[in-house]
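Hi,

Here is the structure I promised to pass on.

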Amino acid sequence: DTLKLADQFASHLENAARIDVLPVNRVIAAMEIADIDVVRTKFEAQTLLAELDVDGIVVGTIAAYEPYDPPRLAISIELYTSKPFEREVAQSLRRLSRATTGPQSLGTLPDDTKQPVSVVSASLDAGDPLVREQIQRFAKNRGNPGSQNTDYDWHLYHMSMDRFSEFATYVMSYRLLDAEARRVIDTGRARGG
């Protein structure tokens, strides 16, 4: 259920500090208005950014889905932003206007104008011992209060694709936020900030 996964991502991202997330149904409505069934291109992502009047949009792709014990989910997440795109359009328009006045050095676009700005992907397999350890830590923080059987609680994430997808979207949300934080810091350093 791709909409359920999108809702889970939105919920995890909403919990991050200083990030406001639009409800998935509002994004779906904007996609319908723009006649986009699935975001496949940079142009479609930028169209949605403009339609929704937001700073960024997260686009996900499910590469593998195995709901049986142990569940497996491979996901790729891309972050598109509006501000670099606006600079790219402005620079492209400037280039076009200069081109009519004679030969000039057009230069290159800064790296932060490339879209998507951040991409993360992973294949999470509940049968992998490292992933199992992550599931145990994740479940421990979400266990039933007062539950005496914490071992059983983490097994729920191992046996149920609904629970496992909750874990997977949490992991991928964290990785996306981490990648974006590193990109912003590196961009600031490159500009001398």
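Predicted model: local features only at pLDDT ≥ 70, side-chain atom pairs only at ≥ 80, totals over all residues.

Residues are numbered from 1 along each chain as its sequence is written, and side-chain values use heavy atoms, with hydrogens and water left out.

On confidence: pLDDT is the predictor's confidence in each residue, from 0 to 100. The mean for the protein is 80, and 78% of its residues reach 70 or more. The stretch to treat with care is residues 100–112, where pLDDT is below 50. Beyond near neighbours in sequence, that stretch has 15 contacts in the model (a contact means heavy atoms within 4.5 Å).

**Overall layout**

The protein has 7 helices and 3 strands. These are DSSP runs numbered from the N terminus, with helices being H or I of at least four residues and strands being E of at least two. Reading from the N terminus, the order is α-α-α-β-β-α-β-α-α-α. Of the contacts with a separation of 6 or more, 64% are between residues 24 or more positions apart.

Buried residues make up 34% of the 193 residues. Here buried means under 20% relative accessible area, exposed means over 50%, and partly exposed is in between (1.4 Å probe, protein chains only). The protein exposes about 12100 Å², and carbon and sulfur atoms supply 53% of that; the areas come from the Shrake-Rupley method with a 1.4 Å probe, and for residues only the protein chains shown count as cover.

**The N-terminal helix**

Helix α1 covers residues 2–14, which is 13 residues. From first C-alpha to last it reaches 18 Å, close to the 18 Å expected at 1.5 Å a residue (the expected span is 1.5 Å times one less than the number of residues). Its buried residues are Leu5, Gln8, Phe9, Ala10, His12 and Leu13. They pack against α2 (24–33), β1 (56–66), β2 (72–81) and α7 (161–190).

You can see the α7 side of this at Ser165, which lies in that helix. Ser165 counts as buried because its relative accessibility is 6%. Not counting residues up to four places away in sequence, Ser165 touches Leu5, Gln8 and Leu73.

**The cores**

A nonpolar core is a set of buried Ala, Val, Leu, Ile, Met, Phe, Trp, Tyr and Cys residues joined through side-chain atoms within 4.5 Å. The largest one has 25 residues, and Leu124, Ile135, Phe164 and Phe167 touch the most other members. At least two residues each come from α1, β2, β3 (118–125), α5 (129–140), α6 (150–159) and α7. The largest share, 8 residues, is from α7. There is also a second, separate core of 13 residues, which includes Val27, Met31, Leu52 and Ile57.

Beyond its neighbours within four places in sequence, Phe164 contacts Pro71, Arg72, Leu73, Leu124, Asp125, Ala126, Val131, Ile135 and Tyr157.

**Aromatic residues**

Rings of Phe, Tyr and Trp (its six-membered ring) pair if their centres lie within 6.5 Å; planes under 30 degrees apart count as stacked, over 60 as edge-to-face and the rest as tilted. That gives 3 aromatic pairs. In one, Phe138 and Tyr170 have ring centres 5.1 Å apart and planes at 45 degrees, so the pair is tilted. It joins distant parts of the chain, with Phe138 in α5 and Tyr170 in α7, 32 residues apart. Phe138 is buried at 4% relative accessibility, while Tyr170 is partly exposed at 34%.

Phe164 and Phe167 make another tilted pair, 5.7 Å centre to centre with 45 degrees between the planes. Both Phe164 and Phe167 are buried. Together, Phe138, Phe164, Phe167 and Tyr170 form one aromatic cluster.

Also in α5 is Gln134, which is partly exposed at 26% relative accessibility. Leaving aside neighbours within four places in sequence, Gln134 contacts Phe167 and Arg175.

Cheers
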